[in-house]
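Here is my note on the model, as numbered points. Please read it alongside the sequence and structure.

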Amino acid sequence: AGRIRRSTALATSLILMVGGLAASAIASDGKLFSMAVTFILINLFYTFSAKHIPYLDILTNGTTHALRVLFGIQFAGGALYWPLIVVWYVGSINLALFRRVHELWQGNRDARPVLRQYAPKTLLAWYIVTLPLLLILGLVAGGITLVASLGWIGYTLLAAVGTRKSRFLYR
């Protein structure tokens, strides 16, 4: 932090964004360009607004994860399968909820100013609510969606148990 001047960082990011947008417009039939623009707009919204608002920061973060699945399916030419995209969204929200809980457990309220506005018990309650929701969505949809939901459940439970029980991770 502080090693690069803001003006240099801004100029570099603008050059990279414009270059990436130009390359994506040339490289495909417009799908890649629309994906890039969508991600840029969501990231700008997150950077300048959502990251300062409790829970909206988590929902916005989850959106980019679900969009990766959505755009990946579209770019590969597959049919949209909304149950999988919804499970991916809920799973990424679940993980983001746990990350906030973990940051609060570590006493890092100053790392993200929005953390001061969260209550750990409320975050943990929402985390716990999303676990059975993932299972229900997976069981209803079946197939790859069930596999994804079980993967998210396992991943977040492993993260929760690992960070609470590990002296190395829980500092």
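**Notes on the helices and the core**

1. Thr145 has its place in helix α6. Helices are DSSP runs of H or I with at least four residues, numbered from the N terminus; strands are E runs of at least two. Thr145 counts as buried because its relative accessibility is 0%. Buried means under 20% relative accessible area, exposed over 50%, and partly exposed in between, with a 1.4 Å probe and protein chains only. Leaving aside neighbours within four places in sequence, Thr145 is in contact with Tyr81, Pro83, Leu84, Val87, Leu137 and Gly138. Contact means heavy atoms within 4.5 Å.

2. Basis of the values. This is a predicted model: local features need pLDDT of at least 70, side-chain atom pairs count only at pLDDT 80 or more, and totals for chains, interfaces and linings use all residues. Residues are numbered from 1 along each chain as its sequence is written, and side-chain values use heavy atoms, with hydrogens and water left out.

3. The largest nonpolar core has 32 residues, of which Ile58, Tyr118 and Leu123 touch the most other members. The elements giving two or more residues to this core are α2 (31–48), α3 (56–75), α4, α5 (120–141) and α6 (143–165). α4 gives the most, with eleven residues. A nonpolar core is a set of buried Ala, Val, Leu, Ile, Met, Phe, Trp, Tyr and Cys residues joined through side-chain atoms within 4.5 Å.

4. What does Tyr118 touch, leaving aside its neighbours within four places in sequence? Its contacts are Pro54, Tyr55, Asp57, Ile58, Arg100, Leu104, Arg109 and Leu123.

5. Helix α4 covers residues 82–105. Its 24 residues reach 34 Å from first C-alpha to last, close to the 34 Å expected at 1.5 Å a residue. The expected span is 1.5 Å times one less than the number of residues. α4 is mostly covered, with 17 of its 24 residues buried. Just after α4, Gly107 takes a positive phi of about 75°.

6. α3 has 20 residues and reaches 28 Å from its first C-alpha to its last, close to the 28 Å expected. Among its buried residues are Asp57, Ile58, Thr60 and Phe71. Their cover includes α2, α4 and α5. Just after α3, Gly77 takes a positive phi of about 85°.

7. Met17 is found in helix α1 (residues 6–27). Met17 counts as partly exposed because its relative accessibility is 31%.
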